[in-house]
Amino acid sequence: MDLPDSRSKLGMAPQETAEQLTRRVQREQRAANLQRESFLGHSLAPFRVGSVPYLNAVPLTRGVEEEITFVAPSKLAQMLQNDELDAALVSVTEVLFNDRYDVLDGIAIASLGEVKSVLVAHRKPLEEVREIFCDTASLTSVQLLRVLLAERGVHPEFKPLSNYQAASLPDFALLIGDPALDLLVGPHEHEIWDLGAAWFDMTALPFVYAVWALRRGVANEPLRRQLREACDFGLETLDTIIRTRTEYDYDFRNDYLSWHIHYHLGTGEKRGLARFAELLRKHGAATVFEPKFVT
């Protein structure tokens, strides 16, 4: 009996080619992702949640973007302090300097070495700095810079940065987030001092830039579950995020989000956080609280 005829009589589908199989798997994955996004949609209500409008935070708000208030780190901290938000992906100094938040365990924006999006642009040697102009959105990064310079015996005056254009930057400027990346990938005359790399060189530890801060005293178990689900979704579809975002080019996004930034808050990150708190106290911070983690 001829095999193709037998298959036809039995109603068997012809075998898929490798290309057809790949396309089918992609269609099924897209459908699953859309279903998951639909599930996450409106899942944060009635809680009020904020985050930073930077590329590095995108994987942590996957599927819940429409429910998030996106503002700069300094504004985010102010809204949290004013009880205008119930949770925010906020600069880590906000939970170190204010004993009114819990930290969602296991999730952070962190780096182990070069971070790219927290940097000092400088025309002169760092040892010559007398004043440094800082991105007004910065909270944690300016404290990190203060610590790194103090450990070198350098104590400049910190002033607000008013112009972010590369050609107009002063001799020493601290930039964070997408403005830092914009400078990095564009033409510039400054040298770059990456603060993530500087921290690792000094401590051999990860540095934690941001965490989910939860307003204490609010029953937020459902919110914590949904923030974890959004993070899981973002990390599981990181390749899709890298492929479909439009900031910079694909290779840069892939390098930045896959290598320089990581999103777990584990033992190493907590050791780095404890070391940072220790150095903040050493160099003049009046009160630094121990973070309280919740699952």
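Biologist: Which residues lie nearest the centre of the second largest pocket?

Modeller: On a 1 Å grid over the protein atoms alone, a pocket is an open set of points with protein on both sides within 12 Å along at least five of seven lines, a cavity is a set where a 1.4 Å probe fits but cannot get out, and lining residues have an atom within 4 Å of a point. Here 16 residues line the second largest pocket, and Val58, Thr61, Glu65, Phe70 and Arg245 lie nearest its centre. This is a predicted model, in which local features need pLDDT of at least 70 and side-chain atom pairs count only at pLDDT 80 or more, while totals for chains, interfaces and linings use all residues. Residues are numbered from 1 along each chain as its sequence is written, and side-chain values use heavy atoms, with hydrogens and water left out.

Biologist: How is the volume of this pocket defined, and which element gives the most to its lining?

Modeller: Grid points are joined across faces, edges and corners, and a volume is the space filled by probe spheres set on the points. For the second largest pocket this is about 210 Å³. Helices (H or I, at least four residues) and strands (E, at least two) are DSSP runs numbered from the N terminus. Helix 9, residues 238-244, gives the most to the lining, with 3 residues.

Biologist: How many cavities of 30 Å³ or more are there?

Modeller: The count is 2. The largest cavity has a volume of about 200 Å³. It is lined by 19 residues, and Tyr54, Asn56, Ile176, Tyr209 and Ala210 are the closest to its centre. Strand 3 (87-91), helix 5 and strand 10 (207-215) each give two or more residues to this lining, and strand 3 gives the most, with 3.

Biologist: How does the lining of the largest cavity divide by class?

Modeller: Ala, Val, Leu, Ile, Met, Phe, Trp, Tyr, Cys and Pro count as nonpolar, Asp, Glu, Lys and Arg as charged, and the others, Gly among them, as polar. The lining of the largest cavity has 12 nonpolar, 7 polar and no charged residues. The second largest cavity, of about 50 Å³, is lined by 5 nonpolar, 1 polar and 4 charged residues. Its lining includes Asp99 and Arg216.

Biologist: What do Asp99 and Arg216 form?

Modeller: Side chains of opposite charge can pair when their charged atoms come close. A salt bridge is a side-chain nitrogen of Lys or Arg within 4 Å of a carboxyl oxygen of Asp or Glu. Asp99 and Arg216 form such a bridge, with the closest N and O atoms 3.2 Å apart. Asp99 lies in the loop between helix 4 (93-97) and strand 4 (101-111), and Arg216 in the loop between strand 10 and helix 8 (221-236), so the pair ties together parts 117 residues apart in sequence.

Biologist: In the salt bridge of Asp105 with Lys270, is Asp105 buried or exposed?

Modeller: Buried means under 20% relative accessible area, exposed over 50%, and partly exposed in between (1.4 Å probe, protein chains only). Asp105 counts as buried because its relative accessibility is 18%, whereas Lys270, at 27%, is partly exposed. The closest N and O atoms of this pair are 2.9 Å apart.

Biologist: Which residues are linked in a network of salt bridges?

Modeller: Arg48, Asp83, Asp86, Arg100 and Arg215 are linked in this way. The count of salt bridges comes to 16.
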